[in-house]
Amino acid sequence: MKVIIIGGGLVGSLSAVFFGQRGHEVELYEYRQDPRNTALSTGRSINLALSARGRTALRAVGLEKIVLDNAVPMRGRMIHDPRGNTSPIIYDPVYNNCIYSVGRKHLNEVLLDASDKLPNVRLNFGKKLVGVNPATGVVTLKTKEGSVEDVTGDLIVGADGAYSTVRRDLMKANPINFSQTYIDHAYLELSIPAHNNHKMVPNHLHIWPRGQFMMIALPNQDDSWTVTLFMPLTCFQSLTATSDVLGFFATHFQDAIPLIGRDNLVNTYMSNRPSNLVSIKCSKYHSGSKLIIIGDAAHAMVPFYGQGMNAGFEDCSILDDLLHNHKYSTAEALEAFSRSRNPDAEAICDLAMYNYTEMRDLVNKKTFLFRKATDNF
Ligand code: FAD
């Protein structure tokens with residue numbers, strides 16, 4: 001079977017490994033340049049929490065170990081109150097299960113390298129999908145220079161993210177339920193440099209919950225921390241001067257100022273725009289026997305449950321199982337994927353939305369109970 005994968009992000013590149021290992025001819029098209037040859041791009045989360053769901057999928061293609069070898073275990077939450085006191089909540093004190101902080105770029109590179117090693121997988125960068133015909137399996141691609149080409153596959157897998165072009169054309173050709181919700185909150189990434197990290201208790205996901213907004217920090221392999229500030233866009237817009245930013249942090253995140261560093265804080269805040277957060281649901285995910293969407297293209301979620309990538313990885317392994325079990329009768333397998341995956345995917349989208357309130361309000365809880373939380377933040 002010739003499989004065309006659109007999108008070489010985390011989910012598309014893992015999907016290429018799954019299809020490649022089954023011996024299919026795979027062509028992956030990604031409109032960015034190869035991330036292995038480019039510097040880290042800003043604006044997307046630099047690190048992500050990998051949990052049981054995602055690990056299971058990585059294990060299925062033999063990549064769990066290499067990913068975990070370069071990940072930082074997070075054994076619990078570390079809550080920072082407004083006075084700078086900290087209190088831990090261990091995720092699993094009995095079995096010591098934990099989640100892992102992994103670098104997005106590193107993970108993407110591991111997955112692309114694994115695809116590249118398979119002789120039947122070809123990675124094509126700098127080619128953007130501009131349209132797909134779900135009935136014929138013809139995809140139209142455009143290069144940056146403007147040349148256009150058509151290629152045909154037996155199966156088209158849309159892993160082109162929350163603003164998916166594949167989904168757009170799937171919806172034109174099929175009756176699809178679709179909803180898209182932007183939340184009031186946006187996010188901005190800051191950082192704690194490695195040389196400033198001495199007060200950060202290692203191996204925890206740090207949270208500064210403040211009711212209407214919150215900040216979190218995940219550890220990086222190089223001992224720095226990636227910090228993400230989540231708050232209503234209107235709050236971001238109200239902090240326009242350096243003194244506003246420093247005053248806001250002094251009131252709400254005092255202990256974070258020396259960790260981030262005043263100059264680093266102000267420079268990063270002033271030179272970056274906050275990004276929006278969107279939740280997307282749709283049903284169904286396929287068209288006939290030739291087209292399927294997975295990952296954020298099928299179910300983008302707000303990041304508060306730490307499950308977007310994990311759920312996308314799970315899509316790859318479920319699709320692989322279904323195709324195998326249906327003996328590559330794609331019409332049946334895709335139908336089964338849409339039917340079985342949708343309730344779970346929408347439940348995770350809802351849990352992610354719910355967990356935002358949960359995380360922001362931790363500060364108002366008098367007692368912190370141990371919780372078995374190996375599958376969320
Ligand atoms: P994407 O990562 O968006 O990749 C899509 C790819 O398709 C991109 O490379 C893009 O360039 C390419 N593409 C798009 N359009 C075209 C086209 N027309 N032609 C060709 N290529 C195209 N998830 C977790 O599991 N754990 C976390 O801790 C976590 N933290 C997060 C924190 C933040 C702040 C955010 C915003 C998200 C977080 N997520 C997390 C979610 C996670 O980032 C996404 O679920 C994941 O990146 C989805 O992967 P994807 O491959 O489906 O889509």
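Two residues are in contact if their C-beta atoms, placed from the backbone, lie within 7 Å. This structure is a predicted model, in which local features need pLDDT of at least 70, side-chain atom pairs count only at pLDDT 80 or more, and totals for chains, interfaces and linings use all residues. Residue numbers start from 1 along each chain as its sequence is written.

**Nonpolar core**

- A nonpolar core is a set of buried Ala, Val, Leu, Ile, Met, Phe, Trp, Tyr and Cys residues joined through C-beta atoms within 7 Å.
- A residue is buried if 20 or more other C-beta atoms lie within 10 Å of its own, exposed if 12 or fewer, and partly exposed in between, with C-beta atoms placed from the backbone.
- The largest such core has 99 residues, and Ile5, Ile6, Leu14, Ile156, Val157, Ile292 and Ile294 have the most contacts inside it.
- Helix α12 (residues 330–360) gives the most to this core, with 8 residues; helices (H or I, at least four residues) and strands (E, at least two) are DSSP runs, numbered from the N terminus.
- Leaving aside residues up to four places away in sequence, Val157 touches Val3, Ile5, Ile6, Ser15, Ile292 and Ile294.

**Backbone in the loops**

- Most residues other than glycine have a negative phi, and most peptide bonds are trans.
- The peptide bond from Ser283 to Lys284 is cis, with omega near 10°, and Lys284 is found in the loop between β17 (275–283) and β18 (286–287).
- Asn203, in the loop between β13 (177–192) and β14 (204–209), has a positive phi near 60°.
- Asn203 counts as partly exposed because it has 15 C-beta neighbours inside 10 Å.
- Lys327 has a positive phi of about 50° and lies in the loop between α11 (308–325) and α12.
- Lys327 counts as exposed because it has 8 C-beta neighbours inside 10 Å.
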